[in-house]
Number of protein chains: 2
Amino acid sequence: MQGDAFHVYDTTLRDGSQQEGLNLSVADKLAVARHLDDLGVGFIEGGWPGANPKDTEFFRRALTELDLRHAQLTAFGATRRAGVQAADDPQVAALRDSRAPVVTLVAKSHDRHVELALRTTLEENLAMIRDTVSHLRAEGQRVFLDAEHFFDGYKANRAYALEVVRTAAEAGADVVALCDTNGGMLPDELAEVVHEVVSAGARVGIHCHDDSGCAVANSLAAVKAGATHVQGCANGYGERSGNANLFTVIGNLQLKRGLRLVSDEQMAEMTRIAHAVSEVTNVTPGSQQPYVGLSAFAHKAGLHASAIKVDPDLYQHIDPATVGNDMRMLVSSMAGRASVELKGRELGYDLSGEKAKDVVARVKELESTGYTFEAADASFELLLREELTGVRQRHFEVESWRAIVERRPDGSMVSEATVKLHAKGERIVATGEGNGPVNALDNALRVALGRLYPELGRLELVDYKVRILEGTHGTGARTRVLIESSDGEREWGTVGVEDNVIAASWQALEEAVTYCLLHAGYEAS
Amino acid sequence: MQGDAFHVYDTTLRDGSQQEGLNLSVADKLAVARHLDDLGVGFIEGGWPGANPKDTEFFRRALTELDLRHAQLTAFGATRRAGVQAADDPQVAALRDSRAPVVTLVAKSHDRHVELALRTTLEENLAMIRDTVSHLRAEGQRVFLDAEHFFDGYKANRAYALEVVRTAAEAGADVVALCDTNGGMLPDELAEVVHEVVSAGARVGIHCHDDSGCAVANSLAAVKAGATHVQGCANGYGERSGNANLFTVIGNLQLKRGLRLVSDEQMAEMTRIAHAVSEVTNVTPGSQQPYVGLSAFAHKAGLHASAIKVDPDLYQHIDPATVGNDMRMLVSSMAGRASVELKGRELGYDLSGEKAKDVVARVKELESTGYTFEAADASFELLLREELTGVRQRHFEVESWRAIVERRPDGSMVSEATVKLHAKGERIVATGEGNGPVNALDNALRVALGRLYPELGRLELVDYKVRILEGTHGTGARTRVLIESSDGEREWGTVGVEDNVIAASWQALEEAVTYCLLHAGYEAS
């Protein structure tokens, strides 16, 4: 959308993953990258190839598995070591070999850091920047430079900090991103510095951290001062207090500053994407998050209520629909009549206005108890059918089930489950083993139904996610389980919410099987 | 501390309690008020006497039970109804009868709101302000005015918005707080408006919401533009995206703008107070919160760690001790040796280069199998002790355990666990029930050890996180469990990784108990 005139640059997969408690597998990183691409960001910084096996593998798999439609994949790394040729530095070679179209090099711009942390001379640091940038440019990659601790460096040694920018620009770096690495800057002083650097002629980017609670404001101030490249992270992830929240920055720049960064359709996906990303990171989404938070447009009754009836805009800074959020707070791809009607049509059900209203009410009620249907199409379809036909689809009636996990005196682990159910007029008792209680229940259920419904032989569970909904009751918390199933042709998701992980998993398993049989053409009783 | 020249005004108990899911009893409100008084804020807005019985009772009890040393208690309310005398308006009477030394009146300053929400004329609205302010002043109370929707009103009808300010000031309001009620303002335009109003001669205050993620920056911009009264909420509580975080505002104004708002001793209490308040509100504290968050000074990147060893200030915007916080190193594969050494030092273990190397190797090996130690200090310390002493700390030997989850034919769920172990030369068999298998195992373990180790009575599990590591093997995936425990004084995290969630949870539980006993002074065998 924004072309090259203005860069929306995401660093969730690199700087964002520095957040305490945030650990992304390669599969997670690929999933997050796809969500960010859907939002329409210009650049996705994937990590530091060569620095750790995970990031190296990410770039390897990205070449074949990541089909980005909007964003350019960016590799992050450092300038060459002191005293070697850029071409001979294995760290630089890994950046080149990542085959990412863009490389962002981090460089010291604070004289004290060069001497104390890098332990080299100010001159050599400039040479390291010059050589590495021109080497990678010669290798055909576009190069950006992250000027680390730029603002502290500017205060300490203005001339040197500016020399770093000039050196990088002259060597061929397209953007020099000024980093408030310690996050201590305030907007006004930051803007003055950015203005100075822009006047010096380089294309300037901004990279802010939220240690003063001003990361978003600092990013806006920098843009006003002439920066044309903004870095941030999904949901404000990042080390310490986090990086600038890219969603808030995008919302402010496009809806309040009039910059055209993403399409209206992409903007309307922002809330869904913010929550989808948090499902992958398994970090509970901040309900107060501007624009996309669950509570961002939530009003408590009272002073506001009456006025809101008169005119909602009286108490909203923007129309929540613009960012795909909802004044009534229940955020999900379903939570809205229009989207329910749409989804119904997509699934082949005609939802008249009234029907849709009932379904929306039911969905919101369930969401308030912890359900989410974003990743559970199949559960939503079963719910839809129940609302439309008045009966719950069932191919079998469960009488009881039991799961046992045991650690024996010899140290071996045994997981065993027994299922008792009625199907096609028979009462069936079946037992299964597994490497865990859920796996055992899964196997027991297949054993029980396999003879009557051979199609279940093709059923496979491809993904299993657990989310503890309130982390404040120790092991007594409520649990949500999301299961992704496949029959070799199609994939579908089901959800279960219960007081314990086994019961929640059972619920999702049962719906996964029901959905499988339904689409195998079995009439449900 | 700040005298009357500059006001730090807290509205946690009124506007902050509009936050979704935040409900404070009268006792809670009294407790929060005491914490805020300890911090040294100038004004504590207690609520709206007369609007609801709870707030009325709060002000009644505050007179006798709340012995504020720094702050002045403030009652919040509205201007008189249209067409009545202020003296005859029961709502105004309740403000007077609250006997709060200060009353803050909310008034409309946006013409559209006067007509649509208040349904009266612009003139009458001014009269309502004039009468109510002068009536309460005559009754001996100090009066502030909250000009609701001031900035939107200023855009819509500048003359009228300014007339509201003038009217209030002339009637005797000491401060007119300009409210960005919808939270949509950005710092630069907000500053311009504040500057205009200050030039008009009134004493100006600022009240910001975080809907654009700029509440803190907006507050700072207003102060720079001449506001001498700042409103905010503890931990950024508030409706929608919350109010300006008062702790962040205080930290920025005092540590970066040089205003003297609280004493150094009070500032050093800020982190403790922020967490104490969240204990009362029962809202999990935001670990990313600037200055006071658990992660606010936590470092993960190896890049940073090596430099931090040289000089911590290189990667901190302030000294965490100033606000009573600590720098923490997070042990992660991204970190490596430097951070392991620092972490060891933090835990009181001297790791010479060689030992550090062994520990790093062990950590990396464990992390490659799914462990993470950044949220599991206690597990890391146990590992560290094992590496240093060559023996694993054990207070008990587990012979076997078994967990059963059953759904009975009547639909009821039962979770039961049995633990067999040896401790202090005894063989103990104990059984526990719970709302899930892990909860049952937790209870069984406490029953088994409770008699021998009464300290376990204080052990509480405060958080429980489950992560499926490879989401590609369906229910056969590997599982990581993180448990956060507390003994009322300290909190610690443990980790378990196994093929199934029950076994992983058991591992984390066992380490949580071991760590608890270790720090209760029990020699391990």
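**Exercise 1.** How much area is buried between chain B and chain A, and what percentage do carbon and sulfur atoms give?

*Solution.* The model is predicted, with local features needing pLDDT of at least 70 and side-chain atom pairs counting only at pLDDT 80 or more, while totals for chains, interfaces and linings use all residues. Residues are numbered from 1 along each chain as its sequence is written, and side-chain values use heavy atoms, without hydrogens and water.

Step 1. Buried area is the accessible area (1.4 Å probe) that two parts lose on being put together, summed over both.
Step 2. For chain B and chain A this area is about 8700 Å², and carbon and sulfur atoms give 51% of it.

**Exercise 2.** Identify a salt bridge between the chains.

*Solution.*
Step 1. A salt bridge requires a side-chain nitrogen of Lys or Arg within 4 Å of a carboxyl oxygen of Asp or Glu.
Step 2. The rule finds four salt bridges across the interface of chain B and chain A.
Step 3. One of them joins the side chains of Asp188(A) and Lys224(B), at 2.9 Å from N to O.

**Exercise 3.** Describe how strand E9 of chain A pairs with E11(B).

*Solution.*
Step 1. Strands are DSSP runs (E, at least two residues), numbered from the N terminus, and two strands pair if DSSP finds at least two bridges between them.
Step 2. Strand E9 (residues 397–407) of chain A and E11(B) are antiparallel and share seven bridges.
Step 3. Within this pairing, Val405(A) has Ala403(B) as its bridge partner.

**Exercise 4.** State the strand order of the barrel in chain A.

*Solution.* The closed barrel has eight strands, in the order E1-E2-E3-E4-E5-E6-E7-E8, with parallel pairing.

Terms used. Chains are lettered from A and ligands numbered from 1 in the order in which they are written. Helices (H or I, at least four residues) and strands (E, at least two) are DSSP runs, numbered from the N terminus.
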